[in-house]
Amino acid sequence: MYFNTHSHLNSSQLYEQRDIYIKNALENNVNYITIAGYDLESSRRAVEIANEYSFIYATVGISPNDCLNTTDEDLKEIEMLLQNHRVVALGEIGLDYYWDDVPKDKQKDVFLKQIEIAKKYDKPIVIHARDAYEDTYNILKEAKHYGIMHCYSGSVEMAERYVKIGFMISLAGPVTFKNAKVPKEVARAIGIDHLLIETDCPYLTPHPFRGKLNEPANVVYIAQEIAKLKNMEIEDVARITTFNAKKVFGIK
């Protein structure tokens, strides 16, 4: 039994054929899926799909790459969506300095406001951080909240710092890439009790399917690689990461 903690069945690439991808996931023992919002429309879609399936959950939020024109009214809708019983976290939110489409000050403002909404409802936050790990860490340390570092790509040392302030480390397709030295180091170094698995589909398709469209079922390959790197049985990786996901999301 696997828990894919971050997917985008709400994306244009997967949404129309989501029933097929969900069926494939179930046939591969992926029994839990979280669909992550990244703007208003995708957050609405995430909730819509989660309301259709008892084993699918949603997160809602506005990502750093999508927040240029975000208003307080938009954030009020995110807060309203967060109160839906199928929504388990606020996210994905954070900072992204790789792209320069959104000024850093705007990213930080929207990030901080969404953290406050999550704290108000005691919901975990799902963090998107790219080329911004130090600033993200400083904000999260000050916020004193908890959640998930989604699709983590930073160093072992940084991952350990995030774990100390209450964050799970979620690994995606890159941990399976043959030349991905750092994600493999993170998988080895971070205790299994602090790890989650995800696909971030339709992006970051794991080896051996790189170049093809990613789908929720492929989370099995992330678990397989972590089991190999940690010298564990894949069944134990699946069981423990599922337990971790349920715990952080507050799923009984």
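**Helix 4 and its surroundings**

Begin by selecting Gln 107, Val 110, Phe 111, Gln 114, Ile 115, Ile 117 and Ala 118, which are the buried residues of helix 4, where buried means under 20% relative accessible area, exposed over 50% and partly exposed in between, with a 1.4 Å probe and protein chains only. Looking down the axis of helix 4, you will find these buried residues within an arc of 160 degrees, so they line one face of the helix; the arc is taken from the directions from the helix axis to the C-beta atoms. This is a predicted model, in which local features need pLDDT of at least 70 and side-chain atom pairs count only at pLDDT 80 or more, while totals for chains, interfaces and linings use all residues. Residues are numbered from 1 along each chain as its sequence is written, and side-chain values use heavy atoms, leaving out hydrogens and water.

Helices (H or I, at least four residues) and strands (E, at least two) are DSSP runs, numbered from the N terminus. Then turn to the other side of helix 4, where Asp 105 and Lys 120 are exposed, and go on to Asp 122, which follows helix 4 and has a positive phi, near 50 degrees.

Finally, select Ser 43 in helix 2 (residues 40–50), which counts as buried because its relative accessibility is 0%.
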